[in-house]
Amino acid sequence: MPDAPAPAPMYLNDLTIQPGERVLTRLVISRLPSGTVIDVPVHVLRATEPGPTLLLMGGMHGDEVNGIETIRRLVRRELLTPTRGSVIAIPILNIYGFLNFSREVPDGKDVNRSFPGFPRGSLAGRVAHRFMREIMPLIDYGIDFHTGGAARANFPQVRGLLGVDPEVDALAAAFAAPFTLHASLRAGSLREAAHGLGKRVIVYETGESLRLDEPGIEEAVAGTLRVMHHLGMAPAAPAPARPSIVCRRHTWLRARFAGLFRAHVENGQFVEKGQIYGSVADPYGQQAVRLESPLSGYVIGLNHMPVVNQGDALLHIAVPE
């Protein structure tokens, strides 16, 4: 029986990275008005045995710190050295947002709505273009780590285009987050760009912006190791604490009235149709409105902002299969 072909060299950022090597390189994106260089650190870890290349991406939105901490923790604990294939780990893509506690880059645009980008476009488009030119051609699979925004906390969940590509379904099942959600592709997102090129990317969400969610981070670490084991890149992985709850239907319940919002339920809790999940009251003590859930399902996202306007998202509810 002939021997398996040796892995080919990997070319990234003008470097040649050989099988068995571990490299930290920095993609120069741009400069601040002060002249300070903005670069993106990229960890590359390669096995000597051939196999897939897995991308781990954090900090697409600079204020979403849970994904950043997840990848930092995986690197620091030396958990990403593959037995076959390669891992590309980017703790922070949006360095601008990270420095400014912001979701966006300085031009106000969202990098995750700017793919595939343009080399002479907006700053967000340039960041996306550099990623598409340097990183995307190298990968086969990816996990994009995110966090709820604007004081909205997400219960640990994996999102993917379920029922379309069996490999995406298998990735999500291997990660085994507490919840697995069907999520359509969004225009300009990394996931849409990857899908168009035949790359499989799932999204993991936990917690809220600018707050570390320790249980969600540990779920992310364990889920990543399970994906690596599923892809044959790691010899073992921790078993999930519980079966993942698959939900193809999920929706945000929104405020019909402005005022002070108080939630009567917790993230991860099951609510029945007609159950009171919270209230909105005016700040002067004149009126309060109780909020009833229009359907039964699990709370997978919750607004922690007490002051809400009409139309604000209050509670994300998912209906299990």
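Select Arg 73 to begin; this residue lies in helix α1, which covers residues 65-76. Helices here are DSSP runs of H or I with at least four residues, strands are runs of E with at least two, and both are numbered from the N terminus. The model is a predicted one, in which local features need pLDDT of at least 70 and side-chain atom pairs count only at pLDDT 80 or more, while totals for chains, interfaces and linings use all residues. Residue numbers start from 1 along each chain as its sequence is written, and side-chain values use heavy atoms, with hydrogens and water left out.

Is Arg 73 buried or exposed? Its relative accessibility is 9%, so Arg 73 counts as buried; buried means under 20% relative accessible area, exposed over 50%, and partly exposed in between, with a 1.4 Å probe and protein chains only. Display its surroundings next: leaving aside residues up to four places away in sequence, Arg 73 touches Glu 214, Ile 217, Glu 218 and Val 221. Contact means heavy atoms within 4.5 Å.

**Helix α6 and its two partners**

Now select helix α6, residues 214-230, together with α1: the two pack at an angle of about 50 degrees, with their axes 9 Å apart. Axes are lines fitted to C-alpha atoms, for helices over the stretch in contact, and angles run from 0 to 180 degrees between N-to-C directions. The arrangement of α1 to α6 is therefore oblique; angles under 35 degrees count as roughly parallel, over 145 as roughly antiparallel, 65 to 115 as roughly perpendicular and the rest as oblique. The crossing of α1 and α6 is right-handed, a term used if the near helix is turned clockwise from the far one by less than a right angle, with left-handed for anticlockwise. On the α1 side, the contact is made by Asn 66, Glu 69, Thr 70, Arg 73 and Leu 74. On the α6 side, the contact residues include Ile 217, Ala 220 and Leu 225.

Ala 170, Leu 171, Ala 174 and Phe 175 form the α4 side of the contact, and Gly 223, Val 227 and His 230 are among the α6 residues.

**Strand β4 and its neighbours**

Move to strand β4, residues 37-46, where 7 of the 10 residues are buried. Strand β3, residues 22-31, runs antiparallel to β4 and is joined to it by 9 bridges; two strands pair if DSSP finds at least two bridges between them. Val 28 has Asp 39 of β4 as its bridge partner. In the hairpin of β3 and β4, with 5 residues between the strands, select Gly 35, which takes a positive phi near 95 degrees. Strand β6, residues 86-90, is joined to β4 by 4 bridges in the antiparallel sense, and Val 44 has Ile 88 of β6 as its bridge partner.

**The open sheet**

Finally, show the 4 strands of the open, antiparallel sheet, in the order β15-β14-β12-β17. Strands β15 (288-292) and β17 (307-308) stand at the edges with a single partner strand each, so one side of each lacks a neighbour in the sheet. Strand β12, residues 259-263, is joined to β17 by 2 bridges. Gly 259 stands opposite Val 308, and Leu 260 stands opposite Val 307. Strand β14, residues 276-281, pairs with β12 over 4 bridges, and Ala 281 of β14 is the bridge partner of Leu 260.
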